[in-house]
Every structure is written in structure tokens, then in C-alpha cells.
Amino acid sequence: MNNAQFRLIAAPFTPLDRDGRLNTAVIDDYAAHLVRNGISGVFICGTTGEAVSLTLGERMKVTEKWVEAAGGKMTVITHVGGNCLDECVRLASHAAETGADAVAAFAPSFFRPATAAELVDFFVPVAEAAGSLPFYYYHMPSMTGIAVAASDIVAEAGARMPNFRGVKFTHSDLFDMQKCLMSGHGIEVMHGYDEMLLAGLSLGAVSAVGSTYNYIPTVYHNVVSSFFRGDMAQAQVYQRRSVELVKILIKYGGGVRGGKAIMKIAGIDCGDCRLPLKPFSREEFAALEREIEAFGWLDRAECVLRNE
């Protein structure tokens, strides 16, 4: 693999208007921004996209609009996971009918499967509903509370799901990630922690999905290109820029709440998050703007904004 083959996939925010209603009109400019900045694909309606705060109909509308806006210039991976199996099946079927390129699903998180076999029992009808589309397991124990190792799920899914293609690995257990990479099923491991991309690259991840790729994509292009040309020192410099930004995000509610506000600063207004993530007050948003200005990313060559 080389730099050109590695896929950087953004996890877009779901645009809402001032009244908290879906605002898909923003997605045309949003998609053009990502294409212009060399993003290979989008992972829509995941954590960053506030999937669990959207209705079934809203998730379908978001998929339809992203497929249209991407226009074949980016891969569209639609997250169809949830707690209701029937809804997951309907979302997977809709993604296939709409023209998405792949589907993904995280584990049910209220009534939780206790074993890999139980989770795959849940996933099998979802994957079948997606037809020939690739299916990815979205591994994020910090949100789902699922303690089953991703490598165990990969082994079970690889044996039982013909269209199983890989795992979006959003966890710090890099030993488990390496076991996924060594599974022998020829799967794709999509690295899920922006601030640890370099670690994923060093283990052999072939793609990465991230929320901060939305507004500082070239930081990550430079991590990847530095890594593949063997300049680890420079790759570490760019990775540390990512860490600095993530530290700011944590102060403002994390990558979804804080990131959505930064996206507005970058020129694409996706509105506030839905409750229970509270809206930004005017004073808090002004404080974030000051921190971003002090961080310096608006003036740095490695950070590309929509209007540049």
C-alpha cells in the first residue's frame, strides 16, 4: 500500500436548522468541500452524525442526500445500526436501494449481546437486507458498552456473513486491532481514533474514519504521506497537531458537540446538536472561537478551509 491507496473517510455532522430540523440543503456545499480537500468517502449517520438522535425517516433522507451530493466522487458508507432490528433492516435495504456504497452498524446498546455469536445473530438479517453491499461492524465499546473483542466478532462474522468486509475500529485496544488485521479473512480495518491515526497506520490499517477530517483534513493527509515516505518524525509532528485540537474539543463537549461548532467556524453551519447535547451559548461559542484562533489552525498551511 502507498499514500494514494490509503483512504481518509470523513464522518460528517448532520446539518440542522435553527429550529433543530433536518437541513439537507447544506450537504451540497459540505460534499464539495470534502471532495476539494481530498477526502475519499463519508461515513454518514454514525456517532458524529447523531444517528441515535434522528428519526428513521431523517436517517433515510440524509442517506439520499449524501448519495446525490457525493455524485460518485466519494464512497458513501451509511451507518444503519441501532437497538431495533426491524429499523436496522429497513435502513440497510433503503441504503442499497438509494445507491450507497456500503453499510455499517454498531452493536445494540440497551439490551446488549453477550457473545460474538449473539451479536452476529443480530447483524445477519441486516447484512442480508443490504444485498451485495459490503457490511462493516462499527466497534465502539465506549459508547455501546459491548465488551466482546472486535477480533472475535470479525471471526464470527467472517464465517457467517458473505458480504462482511471489515470493522471500523474506534477503540484504544491496539492488540485487538492487530488481531483483526491478522484474522485471515481479508477484511478492511478502518482506524477510528483521529488522535491515534499514526498508531493505526503502523499496524497496517488501510483506511481511517474521523470527525476532525471534516475541518483539518490536510493535517491527516500529511500524517499519511509522511508515514508512507518513511518520515516518522514529520508524521509525529502532524499527529501532535491533531492531539492539540482534540484536547480543545474535549473541553467543549467532545468531537460531536465541539466539532459541530468548529465546523461552523470553518464556514459550514450544521447548526447545534440535538438534546441531550446542549446547544452552545453565545458566550461559549465566542470562547471556542478564541481558543481556535490561539490554536492557530486558521492560518496554517496544513489546514484547508472551505473558502480557500
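Tutor: A crossing is left-handed if the near helix is turned anticlockwise from the far one by less than a right angle, and right-handed if clockwise. Helices (H or I, at least four residues) and strands (E, at least two) are DSSP runs numbered from the N terminus. This is a predicted model, in which local features need pLDDT of at least 70 and side-chain atom pairs count only at pLDDT 80 or more, while totals for chains, interfaces and linings use all residues. Residues are numbered from 1 along each chain as its sequence is written, and side-chain values use heavy atoms, leaving out hydrogens and water.

Student: What is the handedness of the crossing of α10 and α12?

Tutor: Helix α10 spans residues 232-251 and helix α12 residues 282-295; their axes (lines fitted to C-alpha atoms, for helices over the stretch in contact) lie 11 Å apart. The angle is about 170 degrees, on a scale from 0 to 180 degrees between N-to-C directions. That makes α10 roughly antiparallel to α12 (over 145 degrees; under 35 counts as roughly parallel, 65 to 115 as roughly perpendicular and the rest as oblique). The crossing of the two is right-handed.

Student: Which residues of α12 make the contact with α10?

Tutor: Contact means heavy atoms within 4.5 Å. On the α10 side, R241, E244, L245, I248 and K251 take part. The partners in α12 are L288, E291, I292 and F295.

Student: Are α11 and α12 roughly parallel or roughly perpendicular to each other?

Tutor: In their contact, residues of α11 including G258, A261 and I262 meet residues of α12 including F285, L288 and I292. The axes lie 11 Å apart, at an angle of about 75 degrees. α11 and α12 are therefore roughly perpendicular.

Student: Which residues of α11 meet α10?

Tutor: The axes of α10 and α11 are 8 Å apart, at an angle of about 100 degrees. That makes α10 roughly perpendicular to α11. L245, L249 and I250 come from α10, and they meet G254, G255, G258, G259 and I262.

Student: Which helix gives the most to the lining of the second largest pocket?

Tutor: This pocket has a volume of about 460 Å³. Among its 19 lining residues, R18, K264, D269, G271 and D272 are the closest to its centre. Five lining residues are nonpolar, four polar and 10 charged. With four residues, the helix giving the most is α11.

Student: Is the peptide bond from L275 to P276 cis or trans?

Tutor: P276 sits in the loop between α11 and α12. Most peptide bonds are trans. With omega near 20 degrees, the bond from L275 to P276 is cis.

Key
On a 1 Å grid over the protein atoms alone, a cavity is a set of points where a 1.4 Å probe fits but cannot get out, and a pocket is an open set with protein on both sides within 12 Å along at least five of seven lines; lining residues have an atom within 4 Å of a point. Grid points are joined across faces, edges and corners, and a volume is the space filled by probe spheres set on the points. Ala, Val, Leu, Ile, Met, Phe, Trp, Tyr, Cys and Pro count as nonpolar, Asp, Glu, Lys and Arg as charged, and the others, Gly among them, as polar.
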